[in-house]
2 protein chains.
Amino acid sequence: MTEEDKQTEEKIFESATEVFVEKGMDGARMQDIANRAGINKSLLHYYYRTKDHLFNAVFEMIAGQMFKKFAPVLDENLPLEEKIRFFFREHIAFMQKNPRLPSFILNELHRNPERIRKLIQNIDINKLWTTIEAQHKEELKRYNITKENIPQFMTTVAGMSVFPFVARPVIASIMEKMGYDFDNYLEERKEYAADFVINALKKQEASNKM
Amino acid sequence: MTEEDKQTEEKIFESATEVFVEKGMDGARMQDIANRAGINKSLLHYYYRTKDHLFNAVFEMIAGQMFKKFAPVLDENLPLEEKIRFFFREHIAFMQKNPRLPSFILNELHRNPERIRKLIQNIDINKLWTTIEAQHKEELKRYNITKENIPQFMTTVAGMSVFPFVARPVIASIMEKMGYDFDNYLEERKEYAADFVINALKKQEASNKM
DNA sequence: TTTATATTTGACCAAATGGTTAAACTAAAT
DNA sequence: ATTTAGTTTAACCATTTGGTCAAATATAAA
């Protein structure tokens, strides 16, 4: 039945997501996925021909989900400063709920770089820049953000948000030794990161004037 | 012979390093390692009993190498600002030569978090803080870096340095689309990151005074 | 030179793993 | 009720893979 059908196919997809995200493509085992879904291994091949197919389905969904999280930043009609706060709040919150996604995605992109082309092919980066520039012309000028240095700025912002999750095991261990709580650190990071970036920009602005 | 011996064992180690760093533990194949070393697969087991043993040997060497790169920052007798510049220059330069190490290390720590304990067990973090505090008491106060928020600060700095390498495929692809050069971006990042961090601190300082 | 020791190899093995298939089962259509 | 189509399963297969072993080779010691 369509109902039962969806249930099975969906269960497979969910279990596959779990296993792939946790172990990566190379470490994942089809039997493991079948076990978690509580079904026979053959069903995996019945619904998704091969491990590769199944993995692709999962990866595309995950990567899409992650990239979508960046979009609202462009839509929201907020001053740059507020957008920065908005971004860190939303992005870190999303990763708090899905702490393994960043590592998973970056990792698999590393293993298979061609995948990236497919992910970013629809994005017209020059248009993106035009949009941003239109929205924040004065602020960008004030903060000395140019088309030339925007990659530096963007990767700084992205890194501040993503790095804690990519390096989670290390950071969490060290913090444990210091008697601090990692979850608390994440919570505080939403504000700390935003403040840090905004401070850097404002100082830049001050230096500019001289 | 000791000479031949070392040559073989070393060749194995080098090939293993290549393969493990490139493919990770799960993706690496013993046969692949043997082929690159130009020797019989059995020799791998002769010198390093199992794949796990071989991997451990490689990982410990790599991780040690990476962590050592953080040490000079503490030794150097420089003002904080200069230390920050020194760190980004040295750390990014090291990773430029070994662009895959960060992903490799973080990944494998993710796969086997217990490994971290072994890596950081010798580090007395409280003592580390005392050292830093002694070296930069005034600056820390000025910039409002406390024992409570130092994890935020340290991960920010580490992230700015490491993230470009962890997310290299994504960043490089997007930059290519923009007509920019990734290697150039890395080169510029040494200064950009330092400036950015120092700016953030200085603005913090300015706000503090009010 | 002969003996003992270390090194290297090819053949081999057992387990794991992705994938196939034919049969059994379920449920809707006739 | 019977046929038909879709779903699920157990048994099976071929290949890969980490690992072993005994024989062969080279090297040092006697």
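How much area is buried between chain B and chain A, and what share of that area do carbon and sulfur atoms give? With both chains of this predicted model displayed, the buried area comes to about 4,900 Å², and carbon and sulfur atoms give 68% of it.

Select next B:His110, B:Gln152 and B:Phe163, which together supply 14% of the area that chain B buries against chain A, more than any other three residues. Widening the selection to every residue in contact brings up 51 residues of chain B and 50 residues of chain A.

Now turn to the polar side of this interface, where 21 residue pairs are in polar contact, both partners being at pLDDT 80 or more, while the count of salt bridges between chain B and chain A is 0.

Colouring chain B by helix shows where its contacting side comes from: helix 1 (2–27), helix 7 (101–111), helix 8 (114–120), helix 10 (150–166), helix 11 (168–178) and helix 12 (182–209) each supply at least two residues of the side that touches chain A. Colouring that side of chain B by residue class instead gives 28 nonpolar, 13 polar and 10 charged residues.

Finally, move to chain A and select A:Asp181, found in the loop between helix 11 (168–178) and helix 12 (182–209). A:Asp181 counts as partly exposed because its relative accessibility is 45%, and its side chain reaches the backbone nitrogen of A:Asn184 at 3.1 Å.

Note on methods. Residues numbered from 1 in each chain as written. Chains lettered and ligands numbered in written order. Predicted model: local features only at pLDDT ≥ 70, side-chain atom pairs only at ≥ 80, totals over all residues. Heavy atoms only, no water. Helix = DSSP H or I, 4+ residues; strand = E, 2+ residues; numbered from the N terminus. Buried < 20%, exposed > 50% of the residue type's maximum accessible area, 1.4 Å probe, protein only. Polar contact = N/O pair within 3.5 Å; in protein donor to acceptor, adjacent residues only side chain to side chain. Contact = heavy atoms within 4.5 Å. Buried area = accessible area lost by both parts, 1.4 Å probe. Salt bridge = Lys/Arg side-chain N within 4 Å of Asp/Glu carboxyl O. Nonpolar A, V, L, I, M, F, W, Y, C, P; charged D, E, K, R; others polar.
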